[in-house]
Each structure stands twice: as C-alpha cells, then as structure tokens.
Amino acid sequence: MLGKINIQIFEDLKDGEYEVKVNEAHRPIFVSGCSKATLLVRGKGAKMVVNDCNDIELVMECALFAGTLEFVRCSHVNVRLVTTVPTVTVDISEGVELSDNFTHLYTNRCKQVTVRQSSDEAVFKVLETEEQDSADVQFFTCHEGGRLVCERAIREGAGYPTTAKKKAEADARDEIFLKRVMETFGASSTSAPTNVLDQIPEQGPTEQAVEFAPMHLSGLWIGEAIPDEEFQHCVPTNPIKWSLTLSPSQGEVSAFGAGYFDDAADVPGQPVLFY
C-alpha cells in the first residue's frame, strides 16, 4: 500500500550514521525500524512519519511542506529540529526529547517526553497520560509569552484539537465580534452581553488579547437576485453565488467579498457579470 501512494521509505537503518536525502516536496517520508543510529534528514518532503524506531538521534534539516512530523511507537529518540516544524505529534512513545523549534506539539499515550528550550537549555517536561485516562486523551504544548506551556487538549467542532483556555479566548472573540456586527447593521444587541469580558473566567484571556486577535464572520450565499417590481417586465431573476466576509477594523465592521450574476437571458450556467 505504501508504494501505491508514492512514499519515500527508509527502513532498518542501524548501528551507524546515515544521511537521508529527500527532494520531492509532494511525497511523504516514512522512516521505520531504525535503531542505534544517527539520521541526518536533508531536503524537502510533504510530511514525515517515524515509526517503531529505538535509540536514534534525528537531525531535521528538511522542509516539510505539509508541516507535520509524527512519531509512533518510538523509544529513546533525540530530535534536533534545525528547520522549524509547525506541528509535531508523538503517539504511544517513551523517552522522546525534542528541541523547541516547533509551533505545536501533540502527545498521546506517552511517557518521558521532554523539550530542550533554546533560550536557556532548560528541559521542559510534557504532561503524561495517567493510567485512568482514556486512550484518546491528548496533551497540547506550545510557546506562550516566551515560555512553553502544556495543557490537556479538547476537541472542538469537527475534531480540531485546542485547549480550554484557547476555546475561552475564541468564544470571547466571537461574542465581541457578533456584538459589533449587530451594532453596525442596526440590529438589536440585547442577545449579546453588555460586557463580553465579564463572561470570561478569572484566569482567562486579557482584554488586549481578545480585542486584537484575528476574527471574522464568513459565508457563502447561494440563491436568486429578484428585481424590484418596477423592473420585472425587463429584468430577469438571476441565480447568484456570492461570498462575503465581515471583519472588524479598528472598532468598526468592514465587508468584502466576490461573486457573479448569471444572466438568465443568456446561456444558463455562464457567469457573465462579476463583481
């Protein structure tokens, strides 16, 4: 199956130093069954999976265009991230040590996962799964305010992992934005709290963090543009497909989008008027 999806495979590298060269950005990299080895990975690939490797040192000088480095069923792995990796995941592993050149780290059913901090060479210990925890318990580690923090991850929406704190921040931003939308377009704002920040837990986000974080409300409108009665004798009803984003800008809400009118008097299905 691996061959069918065109993966770059490196297996059973043992007892030595190896330079792993990868130069196809659209192909994933799969490293498996390596032990007592140093692997220097250079070049570019889509993503990289390290599976069932023990007692290895991994030096990443490789650009991962999908932004993900995964470790599965590994033990005693030392990882030096020379290039920044947006997302690192470690599953069912033990004794994994990484440098802190990542954006997000997700761990599941792991023990003794640590991060070497480049600022002072201190070692940060990631939270571990307890025996009473279910198999789907996951921990999320990231940089926040110049330091590393680790929290239990929760799933939101379609399964996107986040933390309770980040969800509280996002919910507060949404409340503030919806209030601005209603005020700007003249709708009643009685359904929104008079001060959204009062709804945030005491240890939640600061007002500055909530106010200046990115926020928007976007949608796709599909329907019909019906002319005024005065013009219905000469202007046809037109199918429409419009996209619209409402985004606050310095305290006000701005709108931008795109779409087209499909002239019903012309060839059906042909967009003839863009805006």
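Guide: A strand here is a DSSP run of E with at least two residues. The model is predicted.

Visitor: What makes D55 part of a strand?
Guide: D55 falls within residues 54-64, the run that forms β6. A strand needs at least two residues in state E, so this run counts as one.

Visitor: Why is D55 called partly exposed?
Guide: Its relative accessible area is 40%.

Visitor: What is the phi of D55?
Guide: Phi of D55 is near 55°, positive although the residue is not glycine. Most residues other than glycine have a negative phi.

Visitor: Which other strand residue has a positive phi without being a glycine?
Guide: K36, with a phi of about 50°, in strand β4, residues 35-45.

Visitor: Why is K36 called exposed?
Guide: The relative accessible area of K36 is 57%. Exposed means over 50%, so K36 qualifies.

Visitor: How do you know that β4 and β6 pair?
Guide: They share 10 bridges, in the parallel sense. One of the bridges joins T38 to E57 in β6.

Visitor: What makes β6 and β8 a pair?
Guide: Six bridges, again parallel, against a requirement of at least two. E57 has N78 of β8 as its bridge partner.

Visitor: Which elements have the lowest and the highest mean pLDDT?
Guide: Helix α2, residues 207-212, has the lowest at 46, and strand β8, residues 75-81, the highest at 95. Over residues 187-214 the pLDDT is below 50.

Key:
Residues are numbered from 1 along each chain as its sequence is written. This is a predicted model: local features need pLDDT of at least 70, side-chain atom pairs count only at pLDDT 80 or more; totals for chains, interfaces and linings use all residues. Side-chain values use heavy atoms; hydrogens and water are left out. Helices (H or I, at least four residues) and strands (E, at least two) are DSSP runs, numbered from the N terminus. Buried means under 20% relative accessible area, exposed over 50%, partly exposed in between (1.4 Å probe, protein chains only). pLDDT is the predictor's confidence in each residue, from 0 to 100. Contact means heavy atoms within 4.5 Å.
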